[in-house]
Amino acid sequence: MKFVRILAMASVLFALMAGTTARAAEGTAASRPNVVFILCDDLGYGDVACNNPEGKIPTPCIDRLAAQGMRFTDAHTTSAVCTPTRYGVITGRYNWRSRLQSGVLGGMSPRLIEPGRLTVAALLRQNGYHTAAIGKWHLGMKWALKPDAEGFEDRIEKGPEGWNVDFSQPITDGPNSVGFDYYFGIAASLDMVPYTFIENDRVTALPTVDKAFPMMPGKKHTTRRGPGAVEFEAVDVLPTLTRKAVEYIARRTAPGERGKPFFLYLPYASPHTPIAPSPEWQGRSGLNPYADFVMQNDACVGEVLDALEKNGVADNTLVIFTSDNGCSPQADFAVLGEKGHDPSYVFRGHKADIFDGGHRVPFLVRWPGVVQPGTTSGQLVSLVDLTATCAEVVGAKLPDDAAEDSVSLLPVLRGEADAPVREALVHHSISGKFSIRQGRWKLELCPGSGGWSQPRDPQAVRQGLPPIQLYDMEADVGEQRNVEAEHPEVVKRLTALLERYVAQGRSTPGKPQKNAVDVDIWKHEPKPKTKAKAKPKRR
């Protein structure tokens with residue numbers, strides 16, 4: 001009888017231990033949040049109402065994220081244009097370490113992400129996540145060519161070149177090859193061929209006709225004319241991507257799937273050209289079609305947030321909302337300005353520029369229970385920080401040859417960062433011009449904008465402007481007064497730091513790595529001559 005009592009007690013103890021282990025396992029799974037990364041295309045810092053007190057575009061859904069989470073006021077893309085920024089988001093590595101040293105890819109260009117390179121999607125998949133990319137890819141993929149057709153390069157194709165592709169064949173080297181379990185979207189920007197949706201490795205409808213879309217309602221200019229599916233229309237892209245994202249969330253939270261976290265990368269193709277608000281949104285802003293499109297995009301973000309709530313996962317989902325660069329002049333700055341709206345807010349320049357208007361972007365983070373609602377951070381951060389942040393969230397150690405420029409923002413999100421989390425941040429313009437920011441100082445290695453705003457670099461040279469610029473961003477956030485001549489020691493220090501980042505192949509601690517190509521930080525600009533020290537006079 002005594003033996004039976006002991007056996008019974010042992011059974012109870014074993015059951016309690018098993019229950020504790022099971023609950024611990026459940027707790028571990030619950031501590032891995034779902035991650036939703038929403039990336040708008042060409043949305044300016046000042047286009048988000050919570051960032052711009054003087055803005056004229058209402059963005060209530062995006063503002064809700066700010067009210068429920070943290071708003072960053074000094075967040076930047078790694079580049080002032082889209083392809084390079086997306087490379088940084090997915091790899092945690094500065095775009096200028098890749099073979100693409102300026103400009104962007106086309107819809108037919110080969111894959112930019114190097115073979116074997118760890119991506120944020122692959123990292124999360126290794127740690128038990130289901131991963132999906134829904135939206136604009138623009139990082140290259142391999143299309144099957146027709147017999148005797150020439151291959152594609154790292155440039156935007158002319159529309160007719162798209163007919164070199166055999167669209168009936170599978171696509172390789174796309175999102176599924178770099179860590180994404182599921183993909184639905186378009187190959188590149190919506191003003192680039194082909195005009196058709198892609199699901200995983202196949203187009204959903206064969207392009208059989210030549211197509212082009214107005215760049216903006218009422219404007220005569222159009223996108224590149226080339227291969228398109230009959231039923232594909234630009235106005236349908238934003239609603240379709242949103243619907244697919246909502247459906248994905250529902251699938252991943254269905255019974256039997258709820259125990260596995262998911263990563264949803266949602267790179268919208270809007271409000272980039274073609275500016276194509278749906279009929280029900282046209283005229284809603286009272287400003288112009290671009291503002292209408294921003295409002296529609298905001299409502300679509302709201303649909304995604306509502307899907308998280310409806311499916312019961314909002315409380316365990318880390319949501320990040322941002323943009324891939326500053327606003328494009330295609331938004332029609334003159335018309336917006338007449339009505340009191342500036343997409344760049346108080347910052348100089350716009351998309352493509354080395355000035356902050358080119359790469360300072362909205363950056364909002366919501367994570368219930370971790371991020372304090374209604375908070376604001378002035379930390380210098382970047383979209384390239386996604387990979388290291390996710391790695392720390394899931395407790396994964398990054399190898400030396402991955403995410404070489406990514407810094408974890410988890411201490412900032414938890415409210416535990418008492419000092420800057422970044423040593424410095426490197427910026428890049430469309431023409432490949434460099435800038436480095438550290439604390440209050442921003443050094444720009446070009447005489448002009450490095451992009452599209454005035455003065456462009458050739459114009460700046462003709463005006464006799466200095467070959468480099470230095471701005472005190474605390475005293476002069478609008479970058480109006482170049483103080484490089486007054487602070488040569490700062491110029492020297494920041495130049496040396498940038499050169500070290502290039503030479504070591506990384507900007508974070510770890511074993512030095514190799515860049516894909518030789519990197520020239522001066523990019524066709526003559527390196528400024530240093531003044532020689534006066535020789536002492538002989539006596």
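1. Which residues in α3 are buried? In α3 they are C82, T83, P84, T85, R86, Y87, G88, V89, I90 and T91, where buried means under 20% relative accessible area, exposed over 50% and partly exposed in between (1.4 Å probe, protein chains only). Helix α3 covers residues 82-91, and ten of its ten residues are buried. Helices (H or I, at least four residues) and strands (E, at least two) are DSSP runs, numbered from the N terminus.

2. A word on the model before going further. This is a predicted model, in which local features need pLDDT of at least 70 and side-chain atom pairs count only at pLDDT 80 or more, while totals for chains, interfaces and linings use all residues. Residues are numbered from 1 along each chain as its sequence is written, and side-chain values use heavy atoms, with hydrogens and water left out.

3. Back to α3 and its surroundings. What covers its buried residues includes β1, α4 (120-126), β4 (130-136), β10 and α8 (386-394); contact here means heavy atoms within 4.5 Å. After α3 comes G92, with a positive phi near 70°.

4. R86 is worth a look. Its side chain meets that of D41 in a salt bridge (3.6 Å, N to O), the term meaning a side-chain nitrogen of Lys or Arg within 4 Å of a carboxyl oxygen of Asp or Glu. This pair links distant parts of the chain, with R86 in helix α3 and D41 in the loop between β1 and α2 (60-68), 45 residues apart. Both R86 and D41 are buried.

5. Other salt bridges, for contrast. The structure holds 32 salt bridges. One of them joins the side chains of R64 and D306 (3.5 Å, N to O), linking helix α2 to helix α6 (residues 289-310) across 242 residues. R64 is partly exposed at a relative accessible area of 24%, and D306 is partly exposed at 43%. E153 and R155 form another, with their closest N and O atoms 3.6 Å apart; E153 counts as exposed at 52% relative accessibility, and R155 as partly exposed at 35%. There is also a network of salt bridges linking D74, D356, R360, R437, K442, E444 and E479.

6. Now the rings. A search of the whole structure finds 17 aromatic pairs; rings of Phe, Tyr and Trp (its six-membered ring) pair if their centres lie within 6.5 Å, and planes under 30 degrees apart count as stacked, over 60 as edge-to-face and the rest as tilted. F37 and Y265 have ring centres 6.3 Å apart and planes at 40°, so this pair is tilted. It links distant parts of the chain, with F37 in strand β1 (residues 34-40) and Y265 in strand β10 (residues 262-267), 228 residues apart. F37 is buried at a relative accessible area of 1%, and Y265 is buried at 0%. For Y94 and W96 the centres are 5.2 Å apart and the planes at 20°, so that pair is stacked; Y94 and W96 are both buried. Ring pairs also link F37, W137, F180, Y183, F263 and Y265 into a cluster.

7. R251 lies over the face of Y182, 5.3 Å from the ring centre, and the charged end of R348 sits over the ring of F355, 3.9 Å from its centre. The criterion is NZ of Lys or CZ of Arg within 6 Å of the ring centre and within 35 degrees of the ring normal.

8. Strand β12 (residues 363-366) has F363 and V365 pointing one way and L364 and R366 the other way, and all are buried. It pairs with strand β2 (residues 70-72) in the antiparallel sense over two bridges, and with strand β11 (residues 317-323), also antiparallel, over four bridges; pairing requires at least two DSSP bridges between the strands. L364 is the bridge partner of R71, while I320 stands opposite V365.

9. Finally, the cores. A nonpolar core is a set of buried Ala, Val, Leu, Ile, Met, Phe, Trp, Tyr and Cys residues joined through side-chain atoms within 4.5 Å. Of the 115 residues in the largest one, W143, F263, L264, Y265, Y268 and F321 touch the most other members. The largest share of this core, eleven residues, comes from α6. Leaving out residues up to four places away in sequence, L264 touches V35, V36, F37, A132, I134, A245, Y248 and I249. A second, separate core of 24 residues includes A424, I436, L498 and Y501.
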